[in-house]
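Please keep the picture open while you read.

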Amino acid sequence: MNRGDPFVRVEDVTKTFAGKGEDVTPLRELDLVVEKGEFTALMGPSGSGKSTLLHLIAGIDQPTEGHVKVGDVLVSGLRRRQLARWRNREVGFVFQQYNLVPVLTAFENVELPLLLTSLSKSERDRKVQVALEAVDLTDRSDHLPREMSGGQQQRVAIARAIVAGPSLLLADEPTGNLDEHAAENVLELLRALHERFGLTLVMVTHDPRAAAYAERVVHLDKGHITSDARNVVEEAAS
Ligand SMILES: Nc1ncnc2c1ncn2[C@@H]1O[C@H](COP(=O)(O)OP(=O)(O)OP(=O)(O)O)[C@@H](O)[C@H]1O
Ligand SMILES: [Mg+2]
């Protein structure tokens, strides 16, 4: 598959949550194609279904109707075990709240996804080192999450998300808890990873400044895509 080929395909997807009260349908007959190697920002008001859409793409949740495909894989058709294996190999997920395990060091947190693979200890160590290097945190490997700043914790979470070499990186408001400086740092990092590894990146954000880092901005509202535009990338002065 080449850069620019359709990679993530959300086809006619409706998602309804049936609760005790009224059903909620955050996504209605939604279609979205994300190209291989594209960096897309997903925006929209609170409750517009951004996280829901990201979860469907990652196979964390299943659509009520319609299909989700990533590459050749029909994600919405996989069974539990296959899904877990596929996700662990192909998808990195970054959360707003970092979701690090508090009693594990940075190194051990990044190593976690690799424990589910057949890699040897030395292969795991090498991959963890590469990932920590990529986020510039080699010197914090032995630190616990509480011994790190929010920005550093988010970078550990990003290292954990990329350590298995996924083709798809999904980030749900990765800078939502960070101050401006730390946020810029994380956004620069995401952009660099996207460029360096050709990762396809979908990032949910409320912040127009964060969205400006993406190549494409998709707006979601009331279950539908209300706009879909390419960002004009400023030529870097050389
Ligand atoms: N597991 C669930 N069970 C029931 N309802 C849910 C569930 N997950 C989400 N919803 C509902 O679906 C709607 C969309 O939620 P979602 O989290 O996708 O919004 P969002 O766009 O990510 O919002 P925010 O910007 O606040 O994070 C909301 O009304 C929410 O209450
Ligand atoms: Mg959300």
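## R89 and E90

Let us start with R89, which is partly exposed because its relative accessible area is 46% (buried means under 20%, exposed over 50%, and partly exposed in between, using a 1.4 Å probe and protein chains only). E90 is also partly exposed, at 24% relative accessibility. These two residues form a salt bridge, with 3.7 Å between the closest N and O atoms; the term stands for a side-chain nitrogen of Lys or Arg within 4 Å of a carboxyl oxygen of Asp or Glu.

The model is predicted: local features need pLDDT of at least 70 and side-chain atom pairs count only at pLDDT 80 or more, while totals for chains, interfaces and linings use all residues. Residues are numbered from 1 along each chain as its sequence is written, chains are lettered from A and ligands numbered from 1 in the order in which they are written, and side-chain values use heavy atoms, with hydrogens and water left out.

## S167, a partner of E90

What joins the side chains of S167 and E90? A polar contact of 2.7 Å does (a pair of N or O atoms within 3.5 Å; within protein, one must be able to donate a hydrogen and the other to accept it, and residues adjacent in sequence count only if both atoms are side-chain atoms).

S167 sits in the loop between α5 and β7 (168–172); helices (H or I, at least four residues) and strands (E, at least two) are DSSP runs, numbered from the N terminus. S167 is buried, as its relative accessible area is 15%. Setting aside neighbours within four places in sequence, its contacts (heavy atoms within 4.5 Å) include F7, K36 and L199.

The whole structure holds 15 salt bridges. One of them pairs K121 with E111 at 2.9 Å, N to O. This pair links distant parts of the chain, with K121 in helix α4 (residues 121–134) and E111 in helix α3 (residues 106–111), ten residues apart. Is E111 buried or exposed? E111 is buried, with a relative accessible area of 8%, while K121 is partly exposed at 42%.

Another salt bridge brings D139 and R140 together, the closest N and O atoms being 3.0 Å apart. D139 is exposed, at 54% relative accessible area, and R140 is partly exposed, at 23%. Elsewhere, salt bridges with shared partners join E38, R216, D228 and R230 into one network.
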